[in-house]
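Visitor: Please show me the model. I have some questions about it.

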Amino acid sequence: MPNATIRIHGTADDSIVDGPGIRFALFTQGCKHQCPGCHNPTAQPFDGGSVTTTDALWQRVENNPLLKGITLTGGEPFEQAEPLIELAKRARDKGLDVWAYSGYLFDQLLEGLPSTAARDLLEYCDVLVDGPYVQELRSYTLKWRGSSNQRIIDVPASLAAGKVVEWQ
Ligand code: SF4
């Protein structure tokens with residue numbers, strides 16, 4: 001598979017808070033959404049963070065036999081959809097599930113925002129947690145999401161149904 005460069009904010013190699021099971025969470029760098037109360041403001045500038053490669057990141061996934069899946073978060077992962085497609089493909093081939101977080105809505109990604117590659121990346125996701133973080137709708141009792149407007153979406157079921165199907 002092609003190696004690609006990607007700008008990242010950081011990783012959590014054994015995360016238990018970014019989806020079910022033990023996950024490799026990748027925090028991409030760069031986000032335009034500017035949600036008030038953003039939980040990760042230093043991940044917003046597109047020239048911040050550091051540059052690495054999909055091969056280097058994948059090596060760390062492969063070296064961890066405990067992983068249930070990978071989580072693409074940020075920042076806004078769908079701004080760097082092309083390299084993330086490479087990682088998501090590899091994860092799927094290895095039997096790992098793929099969760100992604102986005103400040104865009106499912107329908108926006110489906111329509112090709114912020115790029116046609118973002119639409120393609122959606123096809124490699126098992127679950128999408130969508131929508132911006134809304135400070136007024138924040139609750140610590142919510143699982144896997146920061147504010148109650150965000151939906152936990154079963155992507156393959158939603159694509160098949162032509163409408164949003166929430167993940168159970
Ligand atoms: S989408 Fe996430 S990273 Fe981007 S501004 Fe909103 S809370 Fe911050």
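Visitor: Among contacts between residues at least 6 apart in sequence, what percentage join residues at least 24 apart?

Guide: First, the basis: this is a predicted model, where local features need pLDDT of at least 70, side-chain atom pairs count only at pLDDT 80 or more, and totals for chains, interfaces and linings use all residues. Residues are numbered from 1 along each chain as its sequence is written, and side-chain values use heavy atoms, with hydrogens and water left out. A contact means heavy atoms within 4.5 Å. Among contacts in the protein chain between residues at least 6 apart, the share that joins residues at least 24 apart is 65%.

Visitor: What is the radius of gyration of the protein chain?

Guide: The radius is taken over C-alpha atoms, and the globule rule is 2.2 Å times the number of residues to the power 0.38. For 168 residues, a compact globule would come near 15 Å. The protein chain agrees with that, because its radius of gyration is 15 Å.

Visitor: Is S15 buried or exposed?

Guide: S15 lies in strand 1, residues 5-15; strands are DSSP runs of E, at least two residues, numbered from the N terminus. Buried means under 20% relative accessible area, exposed over 50%, partly exposed in between (1.4 Å probe, protein chains only). S15 has 6% relative accessibility, so S15 counts as buried.

Visitor: Which backbone nitrogen does the side chain of S15 reach?

Guide: Leaving out residues up to four places away in sequence, S15 touches G21, I22, R23 and A25. The side chain of S15 also reaches a backbone nitrogen at 3.2 Å. That nitrogen belongs to V17.

How values were computed:
Helices (H or I, at least four residues) and strands (E, at least two) are DSSP runs, numbered from the N terminus. A polar contact is a pair of N or O atoms within 3.5 Å; within protein, one must be able to donate a hydrogen and the other to accept it, and residues adjacent in sequence count only if both atoms are side-chain atoms.
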